[in-house]
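Subject: Structure for your review

Dear colleague,

Please find the structure below, followed by a summary of what was found in it.

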Amino acid sequence: MIPKKKEPAAKDHRPITCLNTLYKAITSVIDELLKEHEAAHQLMQIDQKGCKQGFMGCIDNLLMEKAILEDAQFNRKNITCVWVDVKKAFDSVSHKWLELCLEHHGLPAKLTAFIKTIVKKWKITLEVTTENGKNKIGPISLHRGILKGIHFVLGCLPCV
């Protein structure tokens with residue numbers, strides 16, 4: 001855990017993720033395959049901006065909202081906007097749900113099998129530095145959440 005401030009309270013720490021280079025390389029290839037599959041089958045909503053190349057997620061959406069609101073104000077139109085923020089979205093995805101989405105959207109069988117295999121092996125070890133030195137907790141198996149490298153799965157594979 002890394003402190004967010006110079007003199008942090010217990011809640012003022014953030015975790016960092018250290019992944020090995022081979023994992024990063026493999027998940028980069030998987031990410032590209034998922035992007036190709038999404039493009040070929042047009043699985044992503046047109047207004048989806050997160051996890052999409054060439055977009056800056058929330059910033060793009062905020063700029064669009066600002067333009068719409070300015071247009072409504074200039075033309076004296078009533079308008080209502082609603083934002084839904086899915087708190088900790090990447091951390092809360094069930095691995096079972098992820099598997100169902102991969103199967104539902106017809107990804108190549110070998111790619112789906114590989115993703116299922118690596119997801120089942122995901123573990124974390126927490127390391128916290130205290131006055132007494134470094135304390136490690138883990139490894140802890142993960143059953144929810146998506147690690148870096150396959151975040152694109154969330155954006156392009158909505159499972160209805």
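**Surface charge and nonpolar patches**

At 54% relative accessibility, Lys 88 counts as exposed (buried means under 20% relative accessible area, exposed over 50%, partly exposed in between, with a 1.4 Å probe and protein chains only). The model is a predicted one, in which local features need pLDDT of at least 70, side-chain atom pairs count only at pLDDT 80 or more, and totals for chains, interfaces and linings use all residues. Residues are numbered from 1 along each chain as its sequence is written, and side-chain values use heavy atoms, with hydrogens and water left out.

Lys 88 is found in the loop between α2 (58-74) and α3 (89-92); helices (H or I, at least four residues) and strands (E, at least two) are DSSP runs, numbered from the N terminus. Together with Lys 4, Lys 11 and Arg 14, Lys 88 belongs to a surface patch of positive charge. Patches are made of residues with over 30% relative accessible area and no salt bridge, like charges being joined within 9 Å and nonpolar side chains (Val, Leu, Ile, Met, Phe, Trp, Tyr) within 5 Å. Lys and Arg count as positive and Asp and Glu as negative, while His and the chain ends are not counted; the place of a charge is taken as NZ of Lys, CZ of Arg, CG of Asp or CD of Glu.

A nonpolar surface patch is formed by Met 64, Ile 68, Leu 69 and Ile 79, with about 330 Å² of accessible area together (Shrake-Rupley method, 1.4 Å probe; for residues, only the protein chains shown count as cover). Ile 79 lies in the loop between α2 and α3.

**Salt bridges**

A salt bridge is a side-chain nitrogen of Lys or Arg within 4 Å of a carboxyl oxygen of Asp or Glu, and by this rule the count comes to 5. In one of them, Lys 116 pairs with Glu 103, the closest N and O atoms being 2.2 Å apart. This pair links distant parts of the chain, with Lys 116 in helix α5 (residues 109-120) and Glu 103 in helix α4, 13 residues apart. Lys 116 is buried at 19% relative accessible area, whereas Glu 103 is partly exposed at 44%.

**Backbone**

Most residues other than glycine have a negative phi, and most peptide bonds are trans. Arg 76, however, has a positive phi near 55°, and a cis peptide bond with omega of about 10° joins Gly 138 and Pro 139. Pro 139 lies in strand β4 (residues 133-141).

Yours sincerely
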